[in-house]
Amino acid sequence: MTPDLRVTIAGVELVNPIMTASGCCGYGEELAEAFPLSKLGALVTKSITLEPRLGHPPPRTAETASGMLNAIGLANVGIDCFIAEKIPFLEKQKTRVIVNVAGSTQKEYVEVCARLNDCPRVDMVELNISCPHVDAGGMEFGTDPAITERLVSEVRKVFSRPIIAKLTPNVTDITVIARAAEAGGADVLSLINTLSGISIDIHTWRPRLTKNRGGLSGPAIKPVALAMVDKVYNCTRLPIIGIGGIATANDVVEFLLVGATAVQIGTALFVEPDAPVKITRDLIAYLKAKKLGSVRELVGKVRKY
Amino acid sequence: MNRYTPERVPIVSLRHLSRDYYSLKLGPWSRVGQCRPGQFVHLGLPQSDVYFRRAMSIAAVAVAGKELEIIFKVFGKGTQALSHHRKGDILDLLGPLGVPFRPPRMTETCVLVGGGVGFPPLYYLASWLIERGFDPKAIEFFYGGRTSGEIVERSRIKKLGVRFHPVTDDGSFGVKGLVTEAVETYLTENALRRPRLYACGPGAMLKAADDLGQRLAIPGQVSLEAPMPCGFGVCLGCVVPLRAGGHARVCREGPVFEIGEVLL
C-alpha cells in the first residue's frame, strides 16, 4: 500500500508536504516546464511587493561551500502585474498556491495582502519578514517582536485565509519572534530564511556581491535550520514549515522529525529542477521501508537524548 | 522528459588540448538533435563535491552518434573538477538551454569574433552554417588569445575552409594585438559583402566588439557569460542590464543578445 503523504496545514490539505521555497521558482512558469506542478504540495511564489522591483545590480549570487549567497533584492513584477499576468497561469495549476509578500513598510504588506484576499486562487500568504539583503523593510520586521506582532495583526485584518510568517535566523532567539507572530494571529510559521553572509574575491578585494552582504542558503545551512525548527516546535502550537538546505528525502525526514509538518525546497531547485518529484518518490520509499502508513507519523518524533 | 529534465550522460572522451584547455565529449544524449549554435548546457558533476551546475557553451554535436562536445578552460573549482574526470564517468545534463544565434542570410558575410574560451560557440556556428550550404569563404573567423597556446583547435578551424585570422596579445601566433582591433582594421581595409558580427569572449573583448558593431553600423549578436546558479530562469542571478531599461536573464533571454541591446 502506498503511504499517505497528505498533510493539513491551518485547515488546508496538501497532497504532500513538499513545497517550493520563495524566490527559487519565480511564479511557477519555468518550473512547470520541468514537471507538472500538481506533484507539489504547494507552490510558493517569489516575494511580491506593491510596485515592481528590478532588484540589485549584478553580480547578485555567489557560490560558497555547499551553498550560495544571494542578494537578488526582491526583484518582482509587482502586485498589479502579478494579478493580471501570473494569477491566470496559476489558475490552471492543480496545486496549492502560497503567495510570498514583502514590503518596505507595514502599509505595503497590508495593501498587497488586501489585494490578494480578493484572489480566491491564493490559498495562503507567506509574509517575508526576514529578507536579509534589502535596504528597507524585510528583516527589520522580523527581528523586533513588537513590530512582528503588529505587522501580522494588521495583515490579519485584511486577509481571511491562512497567514504564514517566514522567520529569519538572524536573531538572538528565534522563539521570541515565533511567539510574537503567533500573538499577532499567524496561522503557520515557516523557517528559516537565509543567514546573513559575505564572500570576498581575494584578487580584487571586492565582495562577490554588489550589495556586499547576502543571504546564505543551500545544504550548508541545514543543521542550523533543523536546530531552529526544533526550538520553535517546542515553544509554539502553530504548524511549522521547515526550510533550509533540503535537497533529499532524508533531509525532509529530519525536518519532520524535529517538528515540521511540511517543508520547502529552495536552492536544490537550481541544481535539480525536478528535485520535488525525486524527493517525493524517495520519501515514499522511506515510509515503506519503515512500514509507516502516513508521513504525519514522523512529525515531532525525534528521539532526543 | 524535456530540456529542463536532467539526464545522466557518460563521458566518451576527455582530451587535453593545450595549457588549461580541454575537449569533453559526452554521449549518447537524447537531446543532441535539438541543439543550435549559441545554446549551452548546464552541466552537473554528480561524482564530485561541486554542488552547482556549470553552464558550458556547445562546441560541436554529432547528431548520428548523439554526441555533444564542449571545449572548456580550467578556471575555477568546477572546471578543475571536470578536468579530473575520465572516460565513462557520468555527468548530469540540462539543456540545450538559451536562445541560439540568429543565422546570417546566405548573402551576408559572417564575421566571427572569438576571444579565449569564447571561441567554441563560434566554431559550432561556422560548422553548422557550412553543413547547411553556407560558403566557408564568406566566414571570417577571428580568434584572439593572450599567446599562441591559447589559440586551440587551429587545424579544425582551418579544416572548415573559413578565412582564419588568429590574433595574439604577444604576437606569438597570427597578428599581434587585440582581436577587436584586428577586426576593425580588416573591416575598414576590406569591403566585405554585408558583414554580420558574432562575438563571444571575455567582458572587455565583448564590449569592444559591441562598440565596434555600433560604431560601424554592422549588425550582429554577442554571446554573454554570467554566473548562473539555475540556468533555466528561476533564480534571477544571471541578469544583465539592458540599454532600454530593465534586466534580462542571460540564461533565458540570452545568452545571445543583439549588438547594442545590453549595457556591457
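Which residue of S14(A) stands opposite Ile198(A)? Select Ile198(A) and you will find Arg213(A) across from it in S14(A).

Before going on, a word on the model: it is predicted, with local features needing pLDDT of at least 70, side-chain atom pairs counting only at pLDDT 80 or more, and totals for chains, interfaces and linings using all residues. Residues are numbered from 1 along each chain as its sequence is written, while chains are lettered from A and ligands numbered from 1 in the order in which they are written.

**Stop 1: the sheet in chain A**

Stay with that pair and bring in its surroundings. S11(A) is joined to strand S14 (residues 213-217) of chain A by four bridges, and the two run antiparallel. Strands here are DSSP runs (E, at least two residues), as helices are (H or I, at least four), numbered from the N terminus; two strands pair if DSSP finds at least two bridges between them. Now widen the selection to the open, antiparallel sheet of four strands, ordered S5-S6-S14-S11 (chain A). At its edges are S5 (61-64) and S11 (195-198) of chain A, each pairing on one side only.

**Stop 2: the sheet in chain B**

Move to chain B and select seven strands: they form an open sheet in the order S4-S3-S7-S1-S2-S6-S5, with antiparallel pairing. Strand S4 (54-57) and strand S5 (60-62) of chain B stand at the edges with a single partner strand each, so one side of each has no neighbour in the sheet. Leu26(B) stands opposite Leu68(B) in S6(B).

**Stop 3: two helices in chain B**

Next, show H4 (residues 179-189) and H5 (residues 203-215) of chain B, which pack at an angle of about 20° with their axes 9 Å apart. Axes are lines fitted to C-alpha atoms, for helices over the stretch in contact, and angles run from 0 to 180 degrees between N-to-C directions. H4(B) and H5(B) are therefore roughly parallel to each other (angles under 35 degrees count as such). To see the contact, pick Val179(B), Thr180(B), Val183(B) and Glu184(B) in H4(B), which meet Met205(B), Ala208(B), Ala209(B) and Leu212(B) in H5(B).

**Last stop: where the chains meet**

Finally, display both chains: 21 residues of chain B are in contact with 27 residues of chain A (C-beta atoms, placed from the backbone, within 7 Å).

Notes. Two residues are in contact if their C-beta atoms, placed from the backbone, lie within 7 Å. Angles under 35 degrees count as roughly parallel, over 145 as roughly antiparallel, 65 to 115 as roughly perpendicular and the rest as oblique.
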